[in-house]
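Let's take a walk through this structure together, one stop after another. Have the sequence and the 3D view open as you read.

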Amino acid sequence: MHHVAVVTFKAGDKGGADPRLMTAQGSRGMLEPIPTDFGRQAGYTLNCTPLCRRASAMSQGAWPLLSVKPTRALVDEAFKVLVENLPPGAPVTLRSLHQSEDRDYWEAYGHYISTSTGVVSVTDDLSLGGTYQGREAMGLLWSMQPVPGSRTGLRLRKMNVRSPMLVSISVYGGHVSEDFSQRPPLATVLTERWYMAPGVRRLDIKDRGVRGTLFIPSGPGPFPGMLDMWGGGGGLLEYRSALLASHGYASLALEYFLPGELASADLELAYFEKAFEIVTHHPAIIPSRVGILGLSLGTIVAMYLASESTVKPTCCVCISGGHFFPRGKTLSAVHQMVYGDIEKLHMDDKHNLIWRDIMTISSDLSWKLDVRRINCPVMLVNGLDDQNTPTVEFAEDIFQMMRSVGKDHLLTRLEYPDTGHLIEPPYSPHFRATNFIWDSKKGKVSILWGGQTKPHSDAQEDSWKKILAFLQYHLYSRQSPRARM
Amino acid sequence: MNVKHRAVKLSVHPSRGLVDEKFVIVVQSVPPGVQLTVHAFHRCEGGHGWEAFAHYVSDAHGSVNVSQHASMGGTYSGVEQMGLLWSLRPVPGTKPGLRLRKMNVQTPMEFTISVHLGYRTEGFMDQAALASQVVERWYMAPGVRRIPVTKDGLSATLFLPSGPGPFPAILDLWGDASQLVEYRAALLASHGFASLPLDYLTPKMSQDTSKMVDNSYFEKAFRFLQHHPQVLADRIAMLAISYGSSFMLKMLAYSDVVKPTCAVCINGTHMQPIIAKQEDLFAFYNHYSDKIQVNEKKQKIMKMMWLPITSDPTLKVDVGRVQCPLLLVVGEDDQSWPSSESAVDMKEMMKRAGNSHLLTILSYPNAGHLIEPPYSPHSKASSFRSISIQQKTLWGGQCVAHAYAQEDCWKKMLAFLHHHLYAAHYGPPASRLTAKF
């Protein structure tokens, strides 16, 4: 998309206007503000000098042109942001703006200098400063943070996946770092970021006590299936399953407790076995091709289903988790043991809770799942700076256990430096610490998840590609012995 | 192939796009060397089904990539990334003479792309596909605004790009149609141009008074754009196809008000009597209508009405008077209008007048009259219901060549418009400027 606007400068503040922009616009005199009646935009024109008897509203020179391609995309698809027709060597700022469902504003911005042909390409050029630096085609998304003055401890997650995230991308003259809302942009493009591809269907599931949402890909099916489980935050988060369905997997986002209600949920592992059965028996799903994806607490469930349960997943992806599991306990009791005593936890200098120190690896089998019994391919995705759970140590123990029975060839470990606990789909903003409702009776706490924004975002992008390739190989390409031409 | 034990993966990337963007269709997880048919289906606003299909063989990896592999046959052959769109045709049993056009541009066109086992040419709805994917194709990008315009008796729609504006603008004149056609203008707004498609054949004032519009109507439309707060008064272009070109060329040559920065004329002609009223124009057509030929399929070859190009200057717009860059798009196989012959004559006139440096001609062999945005299905002949004529008109053009012409011409047209409306500026004389604020 290409848009244009009157080039604007701060009224009466010649120091704020970039002299190179003024020269290129052919300015031969003073700048004067002319009030307009549209938006908050103030129009500026060039005043006449005796040599140049031009009336007002003369648009001189080239007109800046902003395009974002494509303007509609899935959330894991990249876009190209391009600004053309700028003066050569002009400093500009590219900024993204999004209003979340909670009505908070999120932004990211990068500082650029145009080429001699007046072009800024976010894909090819270096950001010299802002919320991201360097050559980052998608920096305007993954480096998003709440705008100054926002509430603290926020996390950006889309709950309604039937509508897209709307992100506006704007270009401003000069290198701007604050007060964006006080200045009119040179141009703005609106983009849509979707979790659901066209034709994906969303079904509420309430079956034998199991609660969740099933997303079915476009097409007649049947499809490979996925059981998708989130972590200790609870509630029903649909976006990852919606995205998996957009990639061809019928995915059940499973709800297993309400936020803050884990202690009272008292879930048995049988609940998850039932959920897995519901997926394998669904008419839109191929029963011999059902995988499991779990994050955080969800990985304990995933590994239980893969190792000690009677169900037979085709493959398993575990993000930021482990096999820590005291025997004979329900899931909520497990979580309670690990996370229950908040008073004992360490805090960092910002009063964020650090949980990882509480958990230790035991060689005692009564404290962990017997992963030696896993018979399907497993992919472990972990961050080396995970401050919530010692996932890398767990992964190493899992590897040793599986190697002891000759099954380590089933294991794929992805471990990322400076990456925290919340490994989300690509281009999602990074949260080093956020508010978390651990217990609805005890209110909110702030939890340290870890990770540094840039390496964490790289990990999200890389791991998602690899997760999709892993799923495609095991759930689509790999043929069961019964298949015939 | 036992489909119960096999999961075939079909992806169309991107699954949402503007109508002029390309997509990549990939089939995976089939065995190598398997014959497959990739099929596209669309149900248009009129309720008719349109389809296209192509035959492929999967490669050693068990996949088909439509943008890289050759179609062995179907509604197109060879390597054609977008062939499933531009080779669409009405499903068998549909009444003949249809044209695919989207009238409501605020919703996307939905296509279902599917893959079937074996080489099929029919009965696609009777058997389940191996896989399918719904694809959305939009004329309007997010944030583009659609504003009906009825001020001063104008019958038009204004499409504004998203963003603060103001924007360069395009006055868009369609051809001889029975209602306002918006899709090209909506697409232009998605590329950064405020666009005003203008209904000059059936505006409300004509319906009320039974009188056709005259030149002042177009001047009013041009002034409307100039005075609009979100339009840059000195960056307004004109775009016209077919019958609309006749009015546009006349304005370019003779109007004191309509002074666009540049103009694009698709398959038009400069031949017409220099008279003000539309009624006279229709009388002119009727007078020469006995020159129209009819081919063996009973389709009217309208262009014979105009040929040979007259040397009588009173019967041609004096394009030597045109003062702005002019892009002529010509489908050399146009059977309804004498585009090719007119372009040659216009070039001569401009050479003699000394303004031929303003002229660019894009001439496409084997392309027909209806040069539409890219990937639109080609219509070789259709029932043409205009104000004056009801018949099957032969538009001309060979399917593949016409599709290439649409794709190439659109790119070049956008580049021409961007160059003149965004990048360059000529500093028009001060007398033409209007106060903006």
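## A guided tour

Let's start at B:Tyr375, which sits in the loop between strand 19 (359–364) and strand 20 (381–385) of chain B. Keep in mind that what you're looking at is a predicted model. The phi of B:Tyr375 is near 70°, a positive value in a residue other than glycine. That deserves a second look, because most residues other than glycine have a negative phi. Is B:Tyr375 buried or exposed? With a relative accessibility of 6%, B:Tyr375 counts as buried, because the cut-off for that is under 20%.

You'll find A:Tyr427 in the loop between strand 21 and strand 22 (433–439) of chain A. A:Tyr427 is buried too, with a relative accessible area of 10%.

Most peptide bonds are trans. The bond from A:Lys69 to A:Pro70, though, is cis, with omega near 0°. A:Pro70 is in the loop between strand 3 (65–69) and strand 4 (72–74) of chain A. Over in chain B, B:Gly165 and B:Pro166 are joined by a cis peptide bond, with omega about -5°. B:Pro166 belongs to the loop between strand 11 (156–160) and strand 12 (167–173) of chain B.

Now for some helices. Helix 8 of chain A covers residues 391–403. Which residues of helix 8 of chain A are buried? They are A:Thr391, A:Val392, A:Phe394, A:Ala395, A:Asp397, A:Ile398, A:Met401 and A:Met402. In an α-helix there are 3.6 residues a turn, so residues three or four places apart point the same way. Among the elements covering the buried residues of helix 8 of chain A are helix 6 (297–307), strand 20 (378–383) and strand 21 (411–416) of chain A.

Next, see how helices pack. In chain A, helix 3 (residues 239–246) and helix 9 (residues 453–477) meet at an angle of about 55°, their axes 12 Å apart. Helix 3 and helix 9 of chain A are therefore oblique to each other, and their crossing is right-handed. A:Arg240, A:Leu243 and A:Leu244 of helix 3 make the contact with A:Trp464, A:Leu468 and A:Leu471 of helix 9. In chain B, the axes of helix 4 (residues 215–227) and helix 5 (residues 243–254) come within 11 Å and cross at roughly 75°. That makes helix 4 and helix 5 of chain B roughly perpendicular to each other.

A:Leu471 turns up again in the largest nonpolar core, which has 124 residues. Together with A:Leu94, A:Leu254 and A:Phe272, A:Leu471 touches the most other members. There's also a second, separate core of 79 residues, including B:Ala177, B:Ala186, B:Ala237 and B:Cys409.

Our last stop is B:Phe111, in strand 8 (residues 109–117) of chain B. B:Phe111 is buried, with a relative accessible area of 4%. Among the residues B:Phe111 touches beyond four places away in sequence are B:Phe41, B:His42, B:Leu85, B:Leu88 and B:Val135. B:Glu136 is 25 residues from B:Phe111 in sequence, yet their C-alpha atoms are 6.5 Å apart in space.

Conventions: Residues are numbered from 1 along each chain as its sequence is written. Chains are lettered from A and ligands numbered from 1 in the order in which they are written. This is a predicted model: local features need pLDDT of at least 70, side-chain atom pairs count only at pLDDT 80 or more; totals for chains, interfaces and linings use all residues. Side-chain values use heavy atoms; hydrogens and water are left out. Helices (H or I, at least four residues) and strands (E, at least two) are DSSP runs, numbered from the N terminus. The expected span of a helix is 1.5 Å times one less than its number of residues. Buried means under 20% relative accessible area, exposed over 50%, partly exposed in between (1.4 Å probe, protein chains only). Contact means heavy atoms within 4.5 Å. A nonpolar core is a set of buried Ala, Val, Leu, Ile, Met, Phe, Trp, Tyr and Cys residues joined through side-chain atoms within 4.5 Å. Axes are lines fitted to C-alpha atoms, for helices over the stretch in contact, and angles run from 0 to 180 degrees between N-to-C directions. Angles under 35 degrees count as roughly parallel, over 145 as roughly antiparallel, 65 to 115 as roughly perpendicular and the rest as oblique. A crossing is left-handed if the near helix is turned anticlockwise from the far one by less than a right angle, and right-handed if clockwise.
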